[in-house]
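Please find below some notes for a first reading of this structure. They are set out as numbered points.

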Amino acid sequence: MNLKEKLNQLPIQDLIIIAEPHTDYTDEAKTIALDLLNERKWESIPNLKDDIKSYWEDYISDNIKQILLNKTLPKSLFLNDEEMKTALKIKFEEWKERQELLGIDITKYWAVPF
């Protein structure tokens, strides 16, 4: 079974993840994934854009520190820069709130003697 046959068995959401620029898949796998997505007419699938946004929100949440340190907006083949900025902004605010909450807990309890 060659690579195209293997990738052809995957759901569209997995093909999208493979095709995204930030993934570690080979250029050949990315090209084949894009070809398969175009063959399946991915743009006409309802709610797929929501799945892509959800994937990126999870990715940003998991990698927020690295994204902030690099000061670069991740690039997507399927979402425009404005959609990516919106996702980053939302996840940054959530991360900032979480850091503030953790900071309160940490400073309140870290120096308590046992």
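1. Which residues does Leu7 touch, not counting residues up to four places away in sequence? Leu7 touches Leu15, Ile18, Ala29, Ile32, Ala33, Leu36 and Arg40, where contact means heavy atoms within 4.5 Å.

2. This is a predicted model, in which local features need pLDDT of at least 70 and side-chain atom pairs count only at pLDDT 80 or more, while totals for chains, interfaces and linings use all residues. Residues are numbered from 1 along each chain as its sequence is written, and side-chain values use heavy atoms, with hydrogens and water left out.

3. Leu7 sits in helix α1 (residues 3–8), and it counts as buried because its relative accessibility is 6% (buried means under 20% relative accessible area, with a 1.4 Å probe and protein chains only).

4. Ser76 lies in the loop between α5 (64–70) and α6 (81–109), helices being DSSP runs of H or I with at least four residues. Ser76 also counts as buried, since its relative accessibility is 14%. Beyond four places in sequence, Ser76 is in contact with Glu20, Pro21, Trp56 and Met84.

5. Confidence is given as pLDDT, the predictor's value for each residue from 0 to 100; the protein's mean is 85, and 89% of its residues reach 70 or more. Among the elements, α6 has the lowest mean pLDDT (80) and helix α4 (residues 48–62) the highest (92).

Note on methods
Helix = DSSP H or I, 4+ residues; strand = E, 2+ residues; numbered from the N terminus. Buried < 20%, exposed > 50% of the residue type's maximum accessible area, 1.4 Å probe, protein only.
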